[in-house]
Structure formats: structure tokens, C-alpha cells
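Dear colleague,

I am passing on the model below, followed by my notes on what was found in it. Please read the notes with the structure open beside them.

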Amino acid sequence: MTQNAQTTTYKNFMKTSENTFDIIVLGAGHAGCEAALSAARMGRKVLCLTLNLDAVALMACNPAIGGTSKGHVVREIDALGGEMGLATDECYIQMRMLNTGKGVSVHSLRAQTDKRRYHERMKSALEQAENLTLRQGECVRIYTRCGKVTGILCSDGTKYFCKALIISCGVYLKSRILIGTHAQKSGPSGLLGAYGLSKSLEDHGFSLRRFKTGTPPRVDGKTVDFHKMEVQHGDIPTPYFSFLTSPSQMNREQEPCYLTYTNTHTHDIIKANLHRSAMYSGMVKATGTRYCPSIEDKLVRFADKDRHQLFVEPEGLSTNEMYIQGMSTSLPADVQTAMLHTVPGLEHCNITRMGYAIEYDCIDSTRLDLGYSCKDIEGLFAAGQINGSSGYEEAAAQGLLSGINAALYVTGDTPLHLTRANSYIGVLTDDLSTKGTNEPYRMMTSRAEYRLYLRQDNADLRLTELGRRTGLISDERYTRLMHKKEAIERIKKALSASVAPSEALQAMLTSKSMSVPKSGVKLYDLLKREGLAYTDLLRLYPDILPNESAEATEQVEISAKYEGYIKKQEDQLREFHRLENMQLPPDMDYMSIQGLRIEARQKLTAIRPQSIGQASRISGVSPADIAVLMVKIKKG
């Protein structure tokens, strides 16, 4: 850290109520919006500074929220009092439940969202929030004094003072757009990038890295022949993203999406021009995302496939632009046009925006703790793609948690930490702060060890009470949660009753090709049977079973049908908590501990894990090293 970064004097610049804030949030993307709203709603005075007010909550890539694992994250954001779920429910134009052919743990909601309306909805939320000032400007320097954040300098010379700073600048840091051999300094969608802050971060000791993401071309819907594509309709949108959304709010006509495919002609054009792609010409120096490859990557990595899916999705109700999901590319404009014109339904399409790759700076996320606070600069937080993650949902989750913890830091309160055992957000946070990432990080259900417990349907039961102390959980939300818990208990109690195999029961079981019990049987044991729903039993035994809400009966059904698996997962959770409760001193001298390998000493010293459990997940720390640490703890 340089001397200029450590200490700054404020000559000829007085602190006033207009330039002094409790918390400053840099950026108003999905991370910045949640960070600013959560901190302001917790009563802190917040400034949200963004490069362009017309890009608040911009969906620079696909106009959709949710999807596999990401739907879980959105519901957790909502359960903790965040805004993304509510905004999505208000702005969706199509909603679908994914993975319904698989187990309940991976069912994930996804919403096609009106891009412009979502921006306006989130910008309005920021503008209407008490304690929050929304302003356009660019931060170029971070000021600290004695290891604590004190303020920022803007490119126009304006200075702001603060107690805490949240950096959530997305993909804008030294961003560069690449289309074929053409490269230019630019943020996404032709917006301004941020070119001064990276130097300040380096001055404060941050090791910067270059990551890359990309986006596909957009086309004019008037020039698309949808008859040559497979129509993709939405589902009846239940459940919704927000636990507060009522069915009456969701009763609207949904827009269709469309499915088409590339073909060998498409592939021939791409292969013949691979050398002109920014990715393959050597122009891109950054690390791209593994789990959202460009169309060029798909052809190279999956050379055996003769076609790839393309989803044609509307960008909103007030525009004809369609998003070509599955065709992210950095090929030249002429190649993009040629390859699209080989796809059924797109033969005569007019491209409104070319696809591109974008490079940007980000930090090593292991510099942060489990609350997204910098370990060696007090009051400095980071959230979103600056931490090496990708995706709107991952960014919003980090923004919410960093906003909460910045607000708690300002008042000297204990931070809120989520764990791998209680949330997908906890998995995301632990992965970034403990393991770090060498490529853009994407949340997936496979990353969650306890995913049978971490379902999207029970996010409120897992997290709402935990977040109650933040003040983000309204009395209305808390009361609804208590009513739901009470309903679940009433159902479970009623299901403990035994019934005789009546003619009606025998007839129903026989119609479902199920065996008929020879004597009395508990209703709960009947509910365990695959293909038998609570509503089936309710019709037969209305005098025994209560008629409760669908969300309450759903919880009981899942508990019954997955009882054995859930009990096994509960055993695993107990072992997880045992290791997490074995706390490690923050000042432990790992370099002096005999028996630890050199790599383990270095990694433990750099990351400073809070517990044995966290230490066990650090790359380079072996089970033998953990055994040495456990002996050290037992010796006091």
C-alpha cells in the first residue's frame, strides 16, 4: 500500500451534511441497488454513485432473472428483505419452472423480464428510498486514514466522505469491448467505462486480474420468421419469486419465447472464421467463463455436435428487439450476420446490436471475509462482478449482504454471516472468500453440498428469522412466516392420525395402482407414497385434515416424501456445524505451527479462516493440516 493510499489530507474541502455519508455505494447495477437499498432501509445515510443513471439495474446481457440455482438465490434475497424478487414479479413477461422432471431440490424458477421496465422499477425504488441519495459520477480514488476508509474522489474533483464504502462497479473497470479485430474502451452496451479506480485499488494493495464475459447479437423481431421455430410458452407462475407476491398480482398474459437450432452450415461459417474471432485471434487476454461459452467455444469444445440450441427471447414489451440466447460471440460483424442467416427463422433477420466480448478488471476475492469486508482495510466492502462472479443474481446477493454488513459495521454491530448450511448465498460467499476463483464464478446447484435442504421453496423458513435483526423484515412478512409455520405444524399433527382402509381409500389407491393396507395406517405414511398428494387425502378426510395454504402443504409433502434423504442430510449438517463452531483465533501465527506444510501455512496466513470448517475448504490445506490445527485448538 502506498503512502498516498494510506493517508490523505483534505485541504480546502470542508465536510458538510451534503458531502458526508455513512455509506457510499459505487455502482447501481444489481449489486449496487441491493447494497444501497438494504443499507438505507437499515437507517444509514447512503450515497449511491453510478456512471450513468440511465443504466440503473441494467440487464446488459440476457433479459431474464433466475434459472437453475439462480432462482434459489433470488428467493433467498427476497427472504432476507431484498428487492430483486419483488421487482421481477412486477416486471416479468414470461415465467417458467425449470427442471421439473428432476428432484424438488433442483426445481428453479426463471422469469423473462421486461428490460426497460425492470430498470425503471429499480431506479424508482432507489429514488423513493429514505436516507438514499442517487447521483451520477465516477469515483477515481479511494481515501483511507490509519487503515480505515474515509472517502472518495470523483473524476470532476468532487470529494465525498464516508465511514464505509461498497465497491460494486460490475464489468466497468478498465472495460474493453471486442468485436472481431475491433477493440475499443467501453462499458457494456456502449456505455462509459471506469478507467481511474483500478489504479487506486492497486495503490491499496489489491491484486487485479482480467476476466471476460460476452453477449450475443440482438435482432429485430419484425424480421424473424417465428413459424420456423418451436414456441416456448410460460407456466402458470406459482410459486413466485417474492414470498409477498399474491396471485392477483401475477394474473397477466405471458409472452412466448422460441427455440431454434444452429446447423452444419452455421458451423462451417464459424469454423472458417475462427481466426477472426477476438477470442481465437489472441486479442482477448482475459479469462472467460467456463459455464457460459461463446458459440465459437461450443464448436471447439463440442466438435461432435451438429447443432446447438438457440432461444429467441423478447427484450421487453415496448421493443421489437429479440435476444439470441446461446449465441454469445466476439466474431466480426459480417460473420455474425452470415451465421445468423443460416439459422431457421433468422434467414432474413436484421441485427440491431452486434454480439461482443468484454474484458474488465476484478479483484482477488480471498481478500474479503465472509461479510464481503476487506480484511485489512476497515469499512471497505466489495460486491458483484468485481469479486470475480458472474450473473445478476449472484451480484444482487453479494450486494444485499455487503449492504447489510456495511450498515452493521457503521454502528459497531456484529456482522451477518451466512453459511453453506443455510443458503446458496452462503455457498457463494464461502466459495469466493475461502477458495477464490480463477474464472468468472457462476452459481450451480452442484456447488451446494446440502441442496436437498437448500430448496427454493423453503428459503423463507431458512432465512427470514435470521435476517429479522437487520430491520429489513417487515412485520407483515414476519407475521406471514409465523402463520406458515403454524399451518405446517397443524398439518403434521393431523397427519399423525391413523385411519382404517375404507372403501373410498381403497378405491383411490387402486386407481393409482397402489397397494391397499390391510389394517389401520397413519395418514403421514400414506403421504410418503409417490403420486399421492395432500389434496388427495384432504378430499377423503376433510374432518381430520385442515385445509391450509398450498405453500404450507407443499412443505409437509416434501418432508414426507424425502424423509429418509432429509434425515441423512441433517446428520451431515450436524457435522458441518461442529467444525464451523471450532473457531480459530484471528491472530493465530500459522507460520510457527509445527506440522503444517509450508503451503498450508501460507494459505492460512493469507485467508485467515474463522473456523476449522472454513480452513478445511481452502485449496492447499490438506486433511493432515486440519488434524494439526484441531490438536492445536484442543491444547488451548
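Helices (H or I, at least four residues) and strands (E, at least two) are taken here as DSSP runs numbered from the N terminus, and the expected span of a helix is 1.5 Å times one less than its number of residues. This is a predicted model, in which local features need pLDDT of at least 70 and side-chain atom pairs count only at pLDDT 80 or more, while totals for chains, interfaces and linings use all residues. Residues are numbered from 1 along each chain as its sequence is written, and side-chain values use heavy atoms, with hydrogens and water left out.

Helix 5 covers residues 115-128, and its 14 residues reach 20 Å from the first C-alpha to the last, close to the 20 Å expected at 1.5 Å a residue. At its start, a side-chain oxygen of aspartate 114 comes to within 3.3 Å of the backbone nitrogen of arginine 116. Buried residues (under 20% relative accessible area, with exposed over 50% and partly exposed in between, for a 1.4 Å probe and protein chains only) in this helix are Lys115, Tyr118, His119, Arg121, Met122, Lys123, Ala125 and Leu126. The elements that cover them include helix 2 (30-41), helix 4 (84-91), strand 5 (108-113) and strand 6 (132-136).

Glutamate 83, which is placed in the loop between helix 3 and helix 4, counts as buried because its relative accessible area is 6%. Where contact means heavy atoms within 4.5 Å, and leaving out residues up to four places away in sequence, glutamate 83 touches Arg121, Met122 and Ala125, and also Glu34, Leu37, Arg41 and Ile77.

Turning to the interior, a nonpolar core is a set of buried Ala, Val, Leu, Ile, Met, Phe, Trp, Tyr and Cys residues joined through side-chain atoms within 4.5 Å. The largest such core has 97 residues, of which Ile23, Leu165 and Ile167 touch the most other members. Helix 11 (residues 392-410) gives the most to this core, with 10 residues. Apart from it lies another core, of 24 residues, including Ile491, Leu495, Leu526 and Leu538. Beyond its neighbours within four places in sequence, isoleucine 23 has contacts that include Val46, Leu47, Ile166, Ala406, Ala407 and Val410.

Leucine 400 is in helix 11 and counts as buried because its relative accessibility is 1%. Once neighbours within four places in sequence are set aside, leucine 400 is in contact with residues including Glu34, Ala35, Ile77, Leu80 and Leu472. Although leucine 400 and arginine 75 are 325 residues apart in sequence, they are 13 Å apart in space, C-alpha to C-alpha.

Serine 69, in the loop between strand 3 and helix 3 (70-79), has a positive phi near 70°, and serine 69 counts as buried because its relative accessibility is 0%. Tyrosine 372, in the loop between strand 20 (356-363) and strand 21 (380-382), also has a positive phi, near 70°, and counts as buried at 1% relative accessibility.

Finally, which residues line the largest cavity? They are Phe243, Leu244, Asp460, Thr464, Arg477, Arg480, Leu481, Lys484 and Glu551, and helix 14 (residues 475-495) gives the most to the lining, with 4 residues. A cavity is a set of points, on a 1 Å grid over the protein atoms alone, where a 1.4 Å probe fits but cannot get out, and lining residues have an atom within 4 Å of a point.

With best wishes

Methods: A polar contact is a pair of N or O atoms within 3.5 Å; within protein, one must be able to donate a hydrogen and the other to accept it, and residues adjacent in sequence count only if both atoms are side-chain atoms. On a 1 Å grid over the protein atoms alone, a cavity is a set of points where a 1.4 Å probe fits but cannot get out, and a pocket is an open set with protein on both sides within 12 Å along at least five of seven lines; lining residues have an atom within 4 Å of a point.
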